Amino acid sequence: MSADQIDPQAKRAAARQSRIPLPHGRYRLKLLRLLTRPLTRLQNRNPPSVGATESVTVPGPGDESRRATGGRGSPDDLDARLYLPAGDPPFPTVVFFHGGGFVLGSIRTHDWLCRHLTRESGCAVLSVEYRLAPENPFPAAVEDAYAAAEWAAAAPGRLRGTGDVAVAGDSAGGTLAAVTALMAAERDGPEIAHQALLYPGIGVDPDQESVREHGGTVLTRADIEWFSEAYYRSEIHRRNPYADPINAGDLSGVAPATVLTAGFDPLRDGGRAYAERLVADGVATRYENYPTMVHGFMTMQEVDRAREAIASVGDDLGDALDA
C-alpha cells in the first residue's frame with residue numbers, strides 16, 4: 001500500500017507545514033485560526049482562474065422552508081463560496097466540505113483545491129463553511145453539511161445549477177461528504193449523483209498498520225485523538241453512523257463513490273476499509289491509493305501529483321454529472 005519513500009515535493013511541503021504544530025487545546029486552537037487567515041491570503045494571491053466566484057449564503061439546518069426557497073436572514077445561515085466554470089450555465093453542482101479535523105479549515109484554506117476541481121470537472125463547486133468543533137461538536141457539522149446538500153438540490157436557480165448534485169470533501173470533509181450521501185440514501189433525498197472522498201477520516205483505528213507506521217507524518221496519533229475528542233465528545237457518538245459511516249449497517253443505497261488515499265497517511269487503512277465496504281454492499285466505487293503521498297497532499301500547491309489527483313477526481317465528477 002505504500003512506497004519506500006515519500007515523494008520529495010510532498011516531503012518538503014509536509015516539512016514546511018510541520019513548522020506550525022497542530023493545537024491540542026482551545027487557546028492554541030484560537031491562535032492557529034487567527035494565524036491561518038493571513039497565511040491563506042498569502043497562499044491565494046495568484047489563484048487558478050475560473051469562470052466566476054460568488055459569496056453565497058446557505059440556509060442553515062434549522063429552517064427547512066428557507067432551504068427550499070433560498071431565503072436569507074437567519075443566524076444559522078452558513079457562509080459558502082460558489083465557483084463557476086467558464087462557459088454558459090446551468091452547471092451541475094458539487095457541494096464541497098473542507099478538511100481540518102472538524103476543528104480547523106475554511107473556505108479560504110481550500111480555495112486552490114476548489115478552483116482546480118471546478119476547472120477539471122466542468123461543474124460548479126459550492127464550498128461550505130460548516131460549524132467547527134470543539135465549540136460545535138457532533139452533530140453540528142453533519143447537520144450543516146446535509147442542509148447544504150438539500151438546499152443545493154432544491155434551489156438550483158441560485159447556483160446557476162441543473163439540479164444535479166454531487167458531494168465531495170477531503171479528510172474530515174470527506175467524512176462529511178460520505179455521511180451526507182448516507183443520510184440522503186436513508187432519508188429519500190436529496191438525490192446525490194456521486195461522492196468523492198479524498199483521504200477521508202473514516203474508520204480510523206489506532207491498531208491499523210497505517211496509524212502505527214505513519215502516525216507522525218503530517219498527523220500524529222495525538223493529533224488524531226485530540227480531533228476525535230473535540231468532535232465526538234463521547235464513545236456513543238463515535239459509534240453513530242452519521243459520525244463515522246463505517247458503522248453503518250447497510251451502504252447499498254448510497255451514491256457511487258471515488259475514494260482516494262495516500263500511502264504515507266495514518267488515515268489510509270480506514271479509507272481503504274470504507275471503499276471495501278462500499279464495494280461489498282454493491283456500490284460502484286473507484287478506489288485509488290497514491291503510494292508516495294501524505295495526508296492533505298491535494299491542497300499542497302507545489303506537489304505535481306496533487307494536480308493529477310484533482311484532475312482524476314474531476315473526471316469522475318464530470319462523468320457522473322454529465323458536465
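Contact here means heavy atoms within 4.5 Å of each other. The model is predicted, so local features need pLDDT of at least 70 and side-chain atom pairs count only at pLDDT 80 or more, while totals for chains, interfaces and linings use all residues. Residues are numbered from 1 along each chain as its sequence is written, and side-chain values use heavy atoms, with hydrogens and water left out.

Threonine 93 counts as buried because its relative accessibility is 2% (buried means under 20% relative accessible area, exposed over 50%, and partly exposed in between, with a 1.4 Å probe and protein chains only). Leaving out residues up to four places away in sequence, threonine 93 touches Ala124, Leu126, Ala152, Leu159, Gly161, Asp164, Val165, Ala166 and Leu321.

The unreviewed UniProt entry places "domain: Alpha/beta hydrolase fold-3" at residues 94-298 (UniProt positions follow the numbering used here, feature names are shortened, and annotations may be inferred rather than shown by experiment). Over that stretch the chain is 37% helix and 17% strand, and the end C-alpha atoms are 17 Å apart.

What about the packing of helices? Two packed helices are described by the angle between their axes and the distance between the axes. Helix H5 (residues 140-154) and helix H6 (residues 172-186) pack at about 65°, with axes 9 Å apart (axes are lines fitted to C-alpha atoms, for helices over the stretch in contact, and angles run from 0 to 180 degrees between N-to-C directions). H5 passes H6 in a right-handed crossing, the term used if the near helix is turned clockwise from the far one by less than a right angle, with anticlockwise being left-handed. On the H5 side the meeting residues are Ala141, Val142, Ala145, Tyr146 and Ala149, and on the H6 side they are Leu176, Val179, Thr180, Met183 and Ala184. Sorted by class, this contact has 9 nonpolar residues, 1 polar and no charged ones (Ala, Val, Leu, Ile, Met, Phe, Trp, Tyr, Cys and Pro count as nonpolar, Asp, Glu, Lys and Arg as charged, and the others, Gly among them, as polar).

Then there is the inside of the protein. The largest nonpolar core has 64 residues, and Phe97, Leu126, Leu176 and Tyr231 have the most contacts inside it (a nonpolar core is a set of buried Ala, Val, Leu, Ile, Met, Phe, Trp, Tyr and Cys residues joined through side-chain atoms within 4.5 Å). Apart from that core lies another, of 34 residues, including Met298, Val303, Ile310 and Leu321. Not counting residues up to four places away in sequence, phenylalanine 97 touches a list of residues that includes Val128, Tyr130, Ala145, Leu176 and Thr180.

Threonine 118 is found in helix H4, residues 111-121, and counts as buried because its relative accessible area is 1%. Beyond residues up to four places away in sequence, threonine 118 touches Val50, Tyr83, Leu84, Pro85, Cys123 and Val125.

Threonine 292 lies between strand S8 (285-290) and helix H11 (304-321), and counts as partly exposed because its relative accessibility is 21%. Setting aside neighbours within four places in sequence, threonine 292 is in contact with Ala3, Gln5, Ile6, Asp7 and Phe264. Aspartate 205 lies in the loop between strand S6 (195-198) and helix H7 (209-214), and is partly exposed too, at 34% relative accessibility.

Proline 134 lies in the loop between strand S4 (124-128) and H5, and proline 139 is found in the loop between S4 and H5. Serine 171 has a positive phi of about 60° although it is not a glycine. Serine 171 is found in the loop between strand S5 (161-170) and H6, and is buried because its relative accessible area is 9%. Aspartate 322, in the segment after H11, has a positive phi near 55°, and counts as exposed because its relative accessibility is 70%.

Technical notes: Helix = DSSP H or I, 4+ residues; strand = E, 2+ residues; numbered from the N terminus.
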